[in-house]
Amino acid sequence: MSELLKDWYNRDTLTEFALIVKAIHPPFLAEEFVVDVLAETWRELELKARGRKIVTVLGQFLPQDYPAAIEILKQIVTRYDGNVIFCLPDFVEVYGQDVAHWDVSVGAMELFTQYASAEFAVRPFIINHEDRMMAQMNEWSKNENEHLRRLSSEGCRPALPWGVALKKYKLDPSPILPILERLKQDPSMYVRKSVANNLNDISKTHPDLVTKIAKEWHGKNELTDWIVKHGCRTLLKKANREVLAIFGFGDADGVDVSGFSLGADAVRIGGEMSFNFTVAVKAETKVRLEYAIDFVKANGKRNRKIFQISESVFKGKKSYEKKHSFADLSTRKHYPGLHSLTLIVNGAERGTLDFTLNT
């Protein structure tokens, strides 16, 4: 079975879905629907583009009256749990933008998100009708259903991956803050993770604001503490001294590092590079260990990525042997050239070693 996410949507899953639609709405032309979806450039389309094509073709085969089509989809979403369900919120985004259908579209997103998140679908509504949609998001943040509470945060993230950027909230995230404040002690990890991710988005454009929030929130509730820590992960990687201090990683000078070395001076793409070092502290100290690799990009320039090793409290001496894989990933392709590995202790660089990556 293929590991590509886009292959969630294939002839078998489309056929299964089409038969469910036909069972609920007999006039639906199931075979023709599948043929039209798979026509032309289907093989070249990635995950989101495939979902959009399914929805676009679905709109051509369902009743042209939008509320009637939504009623059919509402029945489907409660009976069908196959992969095609994940693109159904997109139907609202594509066909439900008319303000005359506001209540129908909001009601559909409210239902659909409990089966397949409407985090992408809600964003054009925020962009085009900010006050009205954010008022709805605030109402969802009070809902008993964790999926709706999560949508209230996830849907307004300024830089949601794969989603349309909310440029206005990148400039001024203040409309988001009441939602995050309300959810900062949410009992659901599903919701708390979204709140943390929203904070992390904001930290990339407003680090001082997130630092201020972290100081205000931290130390009062263990659920909130988790949100703050996860929401500050970018600031921690950037060695923000104020944020490091919040979590007890302010002391870099009290940590001695010795024996930092690489296992080789060269490694091939697909191989592993090992490295060693020893950490010693005289008094009990909270230590955050990371390493950075300056990767060569396709254009020959270098780009740094930071990887966490550990966080711990200890006293005395401890030796480490770590390995980093240079196998190509869907999210990272490696290129030959001179790379560097830097050891980082409590946000402070403690040595850099060069090595060559070969084909």
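A residue counts as buried under 20% relative accessible area, as exposed over 50% and as partly exposed in between, with a 1.4 Å probe and protein chains only. Strand β3 (272-296) has 18 of its 25 residues buried, so β3 is largely enclosed by the rest of the structure. This is a predicted model: local features need pLDDT of at least 70, side-chain atom pairs count only at pLDDT 80 or more, and totals for chains, interfaces and linings use all residues. Residues are numbered from 1 along each chain as its sequence is written, and side-chain values use heavy atoms, without hydrogens and water.

**Terms**
- Helices (H or I, at least four residues) and strands (E, at least two) are DSSP runs, numbered from the N terminus.
- Strands pair if DSSP finds at least two bridges between them.
- A pocket is an open set of points on a 1 Å grid over the protein atoms alone, where a 1.4 Å probe fits, with protein on both sides within 12 Å along at least five of seven lines.
- Lining residues have an atom within 4 Å of a point.
- A volume is the space filled by probe spheres set on the points, which are joined across faces, edges and corners.
- Ala, Val, Leu, Ile, Met, Phe, Trp, Tyr, Cys and Pro count as nonpolar, Asp, Glu, Lys and Arg as charged, and the others, Gly among them, as polar.

**Strand β3 and its partners**
- β3 pairs with β4 in the antiparallel sense over 22 bridges.
- Val279 faces Lys318 of β4 in this pairing.
- Five residues lie between the strands in the β3 and β4 hairpin, where Gly300 has a positive phi near 90°.
- β1 (residues 255-262) is also antiparallel to β3, with six bridges.
- Leu262 has Phe275 of β3 as its bridge partner.
- β5 (residues 337-345) runs antiparallel to β3 and is joined to it by six bridges.
- Leu289 is bridged to Val345 of β5.

**Largest pocket**
- The largest pocket holds about 560 Å³ of space.
- Its lining has 21 residues, with Tyr9, Lys48, Phe86, Phe120 and Trp162 nearest the centre.
- By class, the lining comprises 13 nonpolar, two polar and six charged residues.
- Helices α3 (47-61) and α5 (88-95) each give at least two lining residues.
- The largest share, four residues, is from α3.

**Second largest pocket**
- About 310 Å³ of space lies here.
- Of 15 lining residues, Phe295, Asn303, Arg304, Lys305 and Arg332 lie nearest the centre.
- Two or more lining residues come from each of β3 and β4 (302-325).
- β4 gives the most, with five.
- The lining includes five nonpolar, four polar and six charged residues.
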